[in-house]
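Let us walk through this structure one contact at a time. Keep the sequence and the 3D view side by side as you read.

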There are 4 protein chains.
Amino acid sequence: MYVELLIRPRFNETDANGHINNTVAPVWFEEGRGAFMLESLATRVSCMIANVSIDYLAEMVFGYPVTIRTGVSKIGNKSFTYRQEAWQRDRLCARASVVLAGFDRVAKITMPIPDAIREKLAQFMFEDVTG
Amino acid sequence: MYVELLIRPRFNETDANGHINNTVAPVWFEEGRGAFMLESLATRVSCMIANVSIDYLAEMVFGYPVTIRTGVSKIGNKSFTYRQEAWQRDRLCARASVVLAGFDRVAKITMPIPDAIREKLAQFMFEDVTG
Amino acid sequence: MYVELLIRPRFNETDANGHINNTVAPVWFEEGRGAFMLESLATRVSCMIANVSIDYLAEMVFGYPVTIRTGVSKIGNKSFTYRQEAWQRDRLCARASVVLAGFDRVAKITMPIPDAIREKLAQFMFEDVTG
Amino acid sequence: MYVELLIRPRFNETDANGHINNTVAPVWFEEGRGAFMLESLATRVSCMIANVSIDYLAEMVFGYPVTIRTGVSKIGNKSFTYRQEAWQRDRLCARASVVLAGFDRVAKITMPIPDAIREKLAQFMFEDVTG
């Protein structure tokens with residue numbers, strides 16, 4: 001299961017190569033995770049991003065909406081992993097794997113993901129339909 | 001007198017028209033004001049931006065440095081005005097007028113510009129050399 | 001009359017002051033003009049931006065949608081002026097005046113706004129309801 | 001060996017959490033690769049980005065310069081991999097691995113990395129000094 005967010009590419013997100021610049025996908029994926037948090041957890045979890053890995057599969061362009069799909073691919077004790085996809089015109093254009101670690105913002109140390117959060121996350125395992 | 005800041009345009013600041021997108025100039029001018037604050041006042045003043053007006057005179061491109069010049073054009077009781085210019089390849093490409101109002105961030109109300117700040121600002125009146 | 005575009009503020013558009021950074025409004029207004037072009041003219045006109053002036057009236061924050069209203073305030077022979085507004089939580093937060101000049105992208109010179117465009121623009125005069 | 005580029009963080013790159021937003025690192029790393037291309041190859045190679053993976057190790061803040069180090073970690077027939085690091089105040093804050101594939105922009109197909117480029121790239125193998 002995944003949460004979808006519709007993105008309208010902005011003209012300033014294109015670059016001189018004529019398509020959406022590669023640095024834009026991380027912004028859209030961040031928005032996708034925000035939408036996921038609201039829908040799945042009805043809260044923001046105190047986490048820090050440990051790793052973002054994005055496969056660029058096809059160029060994205062201005063003028064067509066992009067759908068960001070966000071689900072969970074792995075849940076550990078102190079971290080969990082999002083799987084995200086960016087689709088434009090029925091084509092998978094970018095795929096992200098994002099690792100978040102539980103984080104105590106006051107003490108500035110990592111901490112376990114609360115059980116209540118882990119249970120909710122488990123309801124949003126991304127089922128890979130693209131192979 | 002003005003303070004100069006050298007900007008190296010970034011590739012993601014271009015757009016599909018092949019040049020620097022118009023929304024980038026406000027970012028560079030913000031950086032110019034930050035450099036001005038450090039050099040002229042050795043501090044950040046508690047202000048809020050009231051108005052930003054930018055004349056776009058010539059396109060800017062990737063691959064050449066841009067010089068941002070920042071000085072003061074007007075000093076009032078509760079506000080002052082920056083004059084800023086963006087130069088690339090010896091050409092004035094954009095010119096900004098930015099009005100800042102003194103602002104109490106705690107009370108969230110406007111307040112006078114402190115006299116000590118006004119005196120320092122007065123040393124950086126931008127002398128218009130372009131006509 | 002004006003065209004409305006709904007913007008969902010992005011987390012990376014906030015800054016360390018806790019609200020939306022002032023350099024973001026120009027991006028949203030650019031998107032508003034793009035939506036206007038599509039709805040009002042069903043085309044993109046060959047123009048260049050001559051001036052963007054933005055009044056910042058109230059801070060905007062993450063977590064609430066922003067409505068961009070775009071209409072026309074003035075139509076001349078070689079240029080026309082947009083009036084734009086950004087509303088959040090029933091409050092007018094920013095107001096823009098944007099001057100565009102007709103522009104021949106091949107010859108790189110200004111040119112008159114075509115009559116057909118001027119007539120369409122005239123149907124979208126922004127009626128100021130805020131006083 | 002690596003090429004260094006000094007970045008001056010911009011205020012609009014901070015977010016409401018008070019530090020540099022995670023989506024900024026990809027922009028800085030893109031600039032680092034641009035500087036690398038100029039210094040190491042004296043040209044831009046026709047490539048497309050296949051994957052960007054960034055480890056976020058420590059927060060970066062406004063007000064201190066960031067050094068981007070860019071070198072090569074792997075050279076294949078049709079692709080090569082950059083290793084990049086972002087340092088602030090003597091601390092490794094982010095580390096990137098970026099895979100580029102040779103790309104024919106006209107035919108829009110992947111192609112081998114030219115031998116002349118591969119030889120030059122081989123002179124810039126990033127020697128990992130951080131362990």
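Start in chain C, where the charged end of R89(C) sits over the ring of Y64(C). The distance to the ring centre is 4.1 Å. Bear in mind that this is a predicted model. Now turn to chain B. There, the charged end of R89(B) lies over the ring of Y64(B), 4.1 Å from the centre of that ring.

Next come the helices. Stay with chain B and find helix α1, residues 25-41, and helix α2, residues 115-122. Their axes come within 10 Å and cross at roughly 100°. Angles of 65 to 115 degrees count as roughly perpendicular. Therefore α1(B) and α2(B) are roughly perpendicular to each other. Which residues meet here? From α1(B) come F36(B), S40(B) and L41(B). From α2(B) come I117(B), K120(B) and L121(B). Sorted by class, this contact has four nonpolar residues, one polar and one charged.

Move on to chain C. The axes of α1(C) and α2(C) are 10 Å apart, and the helices pack at an angle of about 100°. That makes α1(C) roughly perpendicular to α2(C). Here F36(C), S40(C) and L41(C) of α1(C) touch I117(C), K120(C) and L121(C) of α2(C). The classes in this contact are four nonpolar, one polar and one charged.

Now look at the rings. Over all chains, the structure holds 20 aromatic pairs. A pair of aromatic rings is described by the distance of the centres and the angle of the planes. Take F36(A) and F124(A): their ring centres are 5.2 Å apart and their planes stand at 75°, so the pair is edge-to-face.

F36(C) lies in α1 of chain C and F124(C) in the segment after α2, so the pair ties together parts that are 88 residues apart in sequence. Buried means under 20% relative accessible area. F36(C) has 0% relative accessibility, so F36(C) counts as buried. F124(C), with a relative accessible area of 9%, is buried as well.

Technical notes: Residues numbered from 1 in each chain as written. Chains lettered and ligands numbered in written order. Predicted model: local features only at pLDDT ≥ 70, side-chain atom pairs only at ≥ 80, totals over all residues. Heavy atoms only, no water. Axes fitted to C-alpha atoms, helices over the stretch in contact; angles between N-to-C directions. Helix = DSSP H or I, 4+ residues; strand = E, 2+ residues; numbered from the N terminus. Parallel < 35°, antiparallel > 145°, perpendicular 65-115°, else oblique. Contact = heavy atoms within 4.5 Å. Nonpolar A, V, L, I, M, F, W, Y, C, P; charged D, E, K, R; others polar. Phe/Tyr/Trp six-rings, centres within 6.5 Å; stacked < 30°, edge-to-face > 60°. Buried < 20%, exposed > 50% of the residue type's maximum accessible area, 1.4 Å probe, protein only. Lys NZ or Arg CZ within 6 Å of the ring centre and 35° of its normal.
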